[in-house]
Amino acid sequence: MSRFLDKRYYKLAPYVPGEQPQDKKYIKLNTNESPFEPSPKVVKALNSEEVKKLYLYNDPTALDLRKTIAEYYGVKAENVAVGNGSDEILAFAFNAFCGKDTPMVCPKVSYGFYPVFCEMFSLPYVAVDMKEDLSIDVGKFYDADGNVTIANPNAQTGTLLDVNEIEKLLRRKKDNVVIVDEAYIDFGGESCLPLIKMYDNLLVVRTFSKSRNMAGARLGYAIGSKGIIEDVEKMKYSFNPYNVNRLTQLAGIEAIKDDDYFKFCTNYIKDVREYTVNKLSELGCEIVPSKANFILVKLNGTDGENLYKKLKNEGILVRFLSDAQLKDYVRITIGKREMTDILVAKIKEIKRGLL
Ligand code: PMP
């Protein structure tokens, strides 16, 4: 820290992204990336003619991309905002809708960035306890004072709330914004997108990082009522109007158009998730039921940190999370089936005390 940092940031503990070590080649199951490359249509569209256009600014309204997303989901372009990853969209939304007297209320175990945004923007943050089984206790949000952000499926745990439960929450909190972060919804959950036509307090946030295989392109989007999208865009135009670069806008359009590839990839991940859960359960692991592209896994006789370290030694990266309630677990991204086979073989050896 230099002597120039403003004192309001002394306490700020930044978000720690999953490690991306370069020392050797790992089987990377730690950051919930897709094991698949972007659609071949994306690869084809990002040709040298497009690269040559980088001397020009990109379209700040990202209109073609917003129209493509809107058409796919049956809404209008005015209902869609795009961002440099969904992290940026979330940052805009937290900033737009929370304030000194309007906290952000989130589940205690969820995406680690939510409390960081609040600290960064000096917004009050309220964490709501989980149920015993690590699922979200929606009822506890009804009377909490402030806006709500819920990841569905939830980050870190993978548990899913059904749309009825979210609708009840929207009714109970009609004077607050409810952000539903659907980063992982394409892996088997039912989206609450249809509800945006009925509830002007709903903002659904999505990403191309997981189910559309484009984490490195940094593309996220939000869908909501016209007014709520205008508020998000007010933040964007006050911070970085050119937030989604030229190549990423093109890539996003092509990724949405290649629905067959999207379905192939997400179905594959769902199948491998089931396969992985079965194999690890046979070994006696406890697994939190997940509708995401990751699972939380506990191996009796060892804690999460130890399991993480042993797997890393063996060339497999998984994520150990610092939440007190997750200390017995590691979070494992679902990759290709052959990655699961190596993972299962290694966990078997760890269980036998061989590693
Ligand atoms: N929301 C949740 C729940 C996440 O897990 C992540 C990824 N770590 C994000 C948002 C951010 O994704 P991105 O910025 O890559 O779109």
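## Around the ligand

The ligand has 13 residues around it, and Ser86, Asp181, Tyr184, Thr207 and Ser209 come nearest. The model is predicted. The shell around the ligand divides into 5 nonpolar, 4 polar and 4 charged residues. Helix H4, residues 85-97, gives the largest share of this shell, with 4 residues.

What lies 2.6 Å from a nitrogen atom of the ligand? An N or O atom in the side chain of aspartate 181 does. Backbone atoms also take part. A polar backbone atom of serine 86 is 2.7 Å from an oxygen atom of the ligand. For aspartate 87, a backbone N or O atom lies 3.1 Å from an oxygen atom of the ligand. On its own, the ligand has 400 Å² of accessible area, and the protein covers 91% of that.

## Strand E6

Asp181 is one of the residues that come nearest the ligand. Aspartate 181 also belongs to strand E6, which spans residues 178-181. Which way do the residues of E6 point? Val178 and Val180 point one way, while Ile179 and Asp181 point the other way. Are they buried or exposed? All of them are buried.

## The neighbours of E6

Next come the strands that pair with E6. Strand E5 covers residues 147-151 and pairs with E6 in the parallel sense. How many bridges link E5 and E6? There are 4. Across this pairing, threonine 149 stands opposite isoleucine 179 in E6.

Strand E7, residues 202-207, is another partner of E6. The two strands run parallel, and 4 bridges join them. Here valine 178 of E6 stands opposite leucine 202 in E7. Strand E7 includes residue 207, and Thr207 is among the residues that come nearest the ligand.

## Tyrosine 114

Now to another part of the chain. Tyrosine 114 has its place in helix H5, which spans residues 113-120. Why does tyrosine 114 count as buried? Its relative accessibility is 0%, and buried means under 20%. Therefore tyrosine 114 counts as buried.

What distance separates the C-alpha atoms of tyrosine 114 and valine 128? They are separated by 13 Å. Along the chain, the two residues are 14 residues apart.

Note on methods: Residues are numbered from 1 along each chain as its sequence is written. This is a predicted model: local features need pLDDT of at least 70, side-chain atom pairs count only at pLDDT 80 or more; totals for chains, interfaces and linings use all residues. Side-chain values use heavy atoms; hydrogens and water are left out. Buried means under 20% relative accessible area, exposed over 50%, partly exposed in between (1.4 Å probe, protein chains only). Two strands pair if DSSP finds at least two bridges between them. A residue is near a molecule or strand if one of its heavy atoms lies within 4 Å of it. A polar contact is a pair of N or O atoms within 3.5 Å; within protein, one must be able to donate a hydrogen and the other to accept it, and residues adjacent in sequence count only if both atoms are side-chain atoms. Accessible areas come from the Shrake-Rupley method with a 1.4 Å probe; for residues, only the protein chains shown count as cover. Ala, Val, Leu, Ile, Met, Phe, Trp, Tyr, Cys and Pro count as nonpolar, Asp, Glu, Lys and Arg as charged, and the others, Gly among them, as polar.
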